[in-house]
Amino acid sequence: SPHRAMDIQPARIKHRTMPFQIASHHRVFAAFFLYAFSMGGLYPRLPELRAQLGIEEGALGLALMGVATGMLLSLTFIVPKLSDTGYRRQLLTLLPLVSFGFALAAHASNALALFGVLLAIGLVLGVIETIVNVEADRVEFQRGKRIMIRAHAFWSFGFFGAGGVSAIAAHVGISPTVQLWGTALLVLGLTAMLLGGYKPAPPRQGNDTTNPTATRNWTLPTRGIMLLVTICASALLLEGAGLDWSAIYMSDVFQSTPAVAATAVSVVAFSQATTRFFADHFVDAFGAVKVARILLVNLFIGTAMVTWAVHPAVALGGFALIGFGASALFPLAVSAAAQRTDRPAHLNVAAMGQNGFVIFLLAPPLLGFIAEHLGIRWSFGIALPLIVISLLVSHRLGTSGKT
């Protein structure tokens with residue numbers, strides 16, 4: 001039971017029946033990496049998939065909405081029913097299932113079929129998203145050292161790795177379908193090897209798992225939470241645009257080869273990953289507000305470069321700055337939400353998470369509509385005023401009051 005799990009000491013939960021010795025936080029990093037690697041291979045091949053389906057950006061944006069829709073439904077209706085006693089079985093099963101799902105998505109015959117497959121994948125991703133973040137939080141508490149942002153760095157490294165594989169596959173002429181089925185087999189093997197001995201960490205001490213408020217399906221945001229959402233909204237929008245649309249951008253604006261277009265996705269993911277890897281140190285040294293403002297300024301510059309780029313190298317530099325600027329704003333906002341004193345931390349963190357996915361839900365069709373009617377450059381340029389608004393309210397990261 002959850003209450004008995006709280007009595008288990010860290011020394012007794014370490015490394016039983018493992019293929020080889022892996023520290024608990026390294027296992028968390030591996031889970032985040034595989035989570036992203038299993039889903040990151042499709043997006044760099046979107047130009048080819050769009051051509052295969054014979055659809056425009058608007059229809060593709062609506063189809064891509066399936067992942068966010070599924071994740072939001074999962075977080076609302078499935079995740080509250082999860083039992084942490086099943087985390088191991090769920091993670092070992094669902095991570096490979098996601099990669100095989102994306103391989104099936106490459107066989108979609110039209111936009112509606114693609115939406116349906118991505119919706120099913122999103123339902124699974126919502127569960128994985130919850131498990132890996134809960135496990136990161138518990139291991140962080142056990143170790144007494146910050147690992148959450150670095151764990152998200154490994155998510156970005158996974159997306160970068162998948163983008164690199166996609167770029168190489170496109171360059172040598174391997175079809176998206178063959179590449180994604182190969183990725184699925186690789187994820188299956190790596191999951192067994194790296195997570196085969198995984199055992200969930202016990203809940204935080206004093207965490208009341210019987211609290212009925214912890215199982216609410218939806219948590220309404222307060223005014224303070226909405227201000228924190230405003231700080232990271234531009235970053236969430238541009239992170240999604242950079243990962244989902246950068247390959248399409250390079251293909252449409254500069255008629256880049258599939259390999260160069262796929263490289264744009266890797267540039268965003270790698271820049272984001274390396275920043276997240278070192279972000280904890282700079283937050284400790286300079287404070288959340290100053291770090292957030294530096295990130296937002298770079299996000300503005302990178303977005304402007306992409307919007308008005310006259311050469312592919314300028315666009316790639318802009319994508320690198322977008323990855324850098326969008327890297328840590330959402331984790332910083334989540335930390336600020338957890339430190340607020342107006343209500344229990346888990347309610348504020350849940351409100352941040354669900355509102356974040358609402359942005360991801362709306363972003364693909366919005367950006368696709370803009371790309372189709374104003375040009376794909378303005379799918380990025382539309383975020384410039386949002387970045388200014390984020391800068392104006394960034395001081396809220398330094399407060400933990402009730403307002």
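## A salt bridge at E48

Let's start with E48, which is partly exposed at a relative accessible area of 25% (buried means under 20%, exposed over 50% and partly exposed in between, with a 1.4 Å probe and protein chains only). Its side chain meets that of R45 in a salt bridge, 2.7 Å from N to O (a side-chain nitrogen of Lys or Arg within 4 Å of a carboxyl oxygen of Asp or Glu). R45 has a relative accessible area of 1%, so this residue is buried.

A word on the model: it is predicted, so local features need pLDDT of at least 70 and side-chain atom pairs count only at pLDDT 80 or more, while totals for chains, interfaces and linings use all residues. Residues are numbered from 1 along each chain as its sequence is written, and side-chain values use heavy atoms, leaving out hydrogens and water.

## The second pair

The structure holds 2 salt bridges. In the other one, D252 and R50 bring their side chains together at 3.1 Å, N to O. This pair links distant parts of the chain, 202 residues apart: D252 lies in helix α10 (residues 223-254) and R50 in helix α4 (residues 46-53). Helices (H or I, at least four residues) and strands (E, at least two) are DSSP runs numbered from the N terminus. D252 is partly exposed at 28% relative accessible area, whereas R50, at 14%, counts as buried.

## The chain as a whole

With 17 helices and 0 strands, the chain has 403 residues, of which 54% are buried. Among contacts with a separation of 6 or more, 86% are between residues 24 or more positions apart (contact means heavy atoms within 4.5 Å). The accessible surface comes to about 16500 Å², and 67% of that belongs to carbon and sulfur atoms; areas come from the Shrake-Rupley method with a 1.4 Å probe, and for residues only the protein chains shown count as cover.

## Helix α11 and its end

Helix α11 (residues 258-286) has 29 residues and should span 42 Å at 1.5 Å a residue, which agrees with the 41 Å between its end C-alpha atoms. The expected span is 1.5 Å times one less than the number of residues. After α11 comes G287, with a positive phi near 95°.

## A nonpolar patch

V297, F300, I301, V388 and L392 make a nonpolar surface patch of about 420 Å². Helices α12 (288-307) and α17 (384-392) each supply at least two of its residues, and α12 gives the largest share, 3 residues. Patch residues have over 30% relative accessible area and no salt bridge; like charges are joined within 9 Å and nonpolar side chains (Val, Leu, Ile, Met, Phe, Trp, Tyr) within 5 Å.
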